[in-house]
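Student: I have a structure to read and I am new to it. Please walk me through the contact between the chains.

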Number of protein chains: 2
Amino acid sequence: MAGTDQTQTPRTGGPAIILIEPQMGENIGTAARAMLNCGLTDLRLVRPRDGWPNPRAVPTASGADAVLDQVRVFERTEDAIAGLTAVYATTARLRDQLKPVVTPRRAAEEMRAHHAVGTNCGILFGPERAGMTNDDVALADAVVNVPLNPAFSSLNLAQAVLLVSYEWFTAGDATPERQLSYEDDTPPATKDQLVNMFEHLEQALDARGFFRVPEKRPSMQRNIRAFLQRAQLSTQEVRTLHGIIVALSGLRKESGGE
Amino acid sequence: MAGTDQTQTPRTGGPAIILIEPQMGENIGTAARAMLNCGLTDLRLVRPRDGWPNPRAVPTASGADAVLDQVRVFERTEDAIAGLTAVYATTARLRDQLKPVVTPRRAAEEMRAHHAVGTNCGILFGPERAGMTNDDVALADAVVNVPLNPAFSSLNLAQAVLLVSYEWFTAGDATPERQLSYEDDTPPATKDQLVNMFEHLEQALDARGFFRVPEKRPSMQRNIRAFLQRAQLSTQEVRTLHGIIVALSGLRKESGGE
């Protein structure tokens with residue numbers, strides 16, 4: 001049991017990233033950086049070619065010390081995954097094994113479900129060139145395959161770690177997909193401020209004879225109001241527009257106004 | 001018009017990736033590789049520090065010649081975006097500008113909508129360290145901000161290109177999120193093949209006295225059938241299980257059989 005205790009320590013940093021026989025220290029560092037970018041901290045190495053610690057990993061980690069300082073090294077993949085309840089293997093080919101193949105997005109959802117009930121997951125990455133052995137793939141519950149341009153699908157190790165980690169982070173992230181962040185001192189314009197500005201503009205255009213064909217006036221007015229509405233103006237921008245109208249026409253708004 | 005003609009050439013490769021003042025040729029190559037991984041081919045450079053072509057980009061591009069060979073170089077960002085109808089700026093900070101901020105996933109959906117009607121989009125990336133200038137950000141319709149670990153959110157240039165390009169690819173990709181690919185010569189087992197195997201197992205267990213408490217037999221049988229169902233067995237795997245039951249018990253199935 002002593003050998004598995006360390007892998008059963010609860011982790012708050014999401015799934016473990018397990019690099020099997022990584023060759024280049026630089027790649028380990030870049031992978032560590034990508035992990036911490038995505039909030040992952042549990043990096044495990046199986047038989048790293050150049051041993052561990054590896055000074056070549058430090059510059060490319062760009063300060064991801066929280067990951068590098070906690071790296072654990074294992075002799076066998078079986079030991080590296082001992083305390084986990086779900087393991088994914090990242091490999092392009094599945095040879096002679098019937099295993100579910102999932103996208104990184106789906107893997108992230110499944111791992112979030114495991115973590116929600118307090119169990120721990122891991123993702124296996126094979127050596128840079130050779131890829132994973134059949135025996136290591138056999139240890140996994142499912143294979144993660146990144147959908148990419150079929151004519152040019154080879155990712156480097158750190159990029160593969162980044163994409164899988166990014167999907168993990170995104171699956172738990174609540175950032176609004178699209179937002180417009182108005183400043184406190186210039187919030188979004190209210191509808192009465194907008195209508196007031198529309199009327200100022202239309203009075204100035206009337207005064208300058210812009211609406212030459214009376215029957216076209218209503219639709220022209222709607223079209224102008226439409227693009228000004230699409231701009232999602234702030235209060236300050238409405239004030240700026242009043243200033244532009246005055247500057248171009250010399251006419252202040254007749255009634256109401258600011 | 002001669003100056004903008006080249007940017008108005010229809011492109012099938014998705015949005016343009018526009019690197020403003022990229023410093024390191026290696027990063028340009030890595031970005032080109034990430035682009036082609038995701039099916040993008042239109043790479044534009046604005047004032048690359050070391051000129052173009054740059055031999056240092058070739059090794060890190062790992063064969064993404066389809067991208068490197070078509071690179072176009074511009075003196076001004078305004079020229080690089082001339083033929084485009086929607087432009088996104090990748091920057092962490094939005095200073096004194098009121099602009100929509102979108103996730104890479106949302107940007108990908110919006111760009112897919114533009115491409116569906118035949119118009120072209122582009123994504124601006126600033127220099128490695130300095131980031132984009134306010135004037136370049138001002139050229140964009142919206143800002144793309146990658147949600148990442150707020151305590152460690154700095155991505156390198158090629159990783160940022162990869163994530164944005166990956167979301168573009170994924171938004172148009174139809175790969176099933178989870179699939180189990182049975183071989184042609186050993187398709188998924190049919191329910192009658194499964195029930196036949198369950199009965200073989202239960203006969204063998206009965207013969208060996210496994211079900212000692214008769215009233216528990218139904219629920220035990222259901223539980224065993226449940227985990228065997230979850231395994232989503234192939235026809236070959238059902239045959240293997242028949243063989244295992246015979247090997248362990250010495251008993252063939254009494255009636256029916258395989």
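**Reading the interface**

Tutor: Start with one pair: A:R105 and B:E167 form a salt bridge, with their closest N and O atoms 3.0 Å apart. A salt bridge here is a side-chain nitrogen of Lys or Arg within 4 Å of a carboxyl oxygen of Asp or Glu. Keep in mind that this is a predicted model: local features need pLDDT of at least 70, side-chain atom pairs count only at pLDDT 80 or more, and totals for chains, interfaces and linings use all residues. Residues are numbered from 1 along each chain as its sequence is written, chains are lettered from A and ligands numbered from 1 in the order in which they are written, and side-chain values use heavy atoms, with hydrogens and water left out.

Student: How many salt bridges are there between chain A and chain B?

Tutor: Four. Polar contacts are counted separately: a pair of N or O atoms within 3.5 Å, where within protein one must be able to donate a hydrogen and the other to accept it, and residues adjacent in sequence count only if both atoms are side-chain atoms. Between chain A and chain B, 20 residue pairs are in polar contact, both residues at pLDDT 80 or more.

Student: Where do strands of the two chains pair?

Tutor: Strands of a sheet pair through backbone hydrogen bonds, either parallel or antiparallel. Two strands count as paired if DSSP finds at least two bridges between them. Strand 8 of chain A and strand 5 (residues 100-102) of chain B pair in the antiparallel sense, over three bridges. In one of them, A:L180 has B:P100 as its partner.

Student: What is the strand order of the sheet?

Tutor: The order is 8(A)-5(B)-7(B)-4(B)-6(B)-1(B)-2(B)-3(B), an open sheet of eight strands with mixed pairing. Strand 8 of chain A and strand 3 (72-74) of chain B stand at the edges, each with a single partner strand, so one side of each has no neighbour in the sheet.

Terms used. Helices (H or I, at least four residues) and strands (E, at least two) are DSSP runs, numbered from the N terminus.
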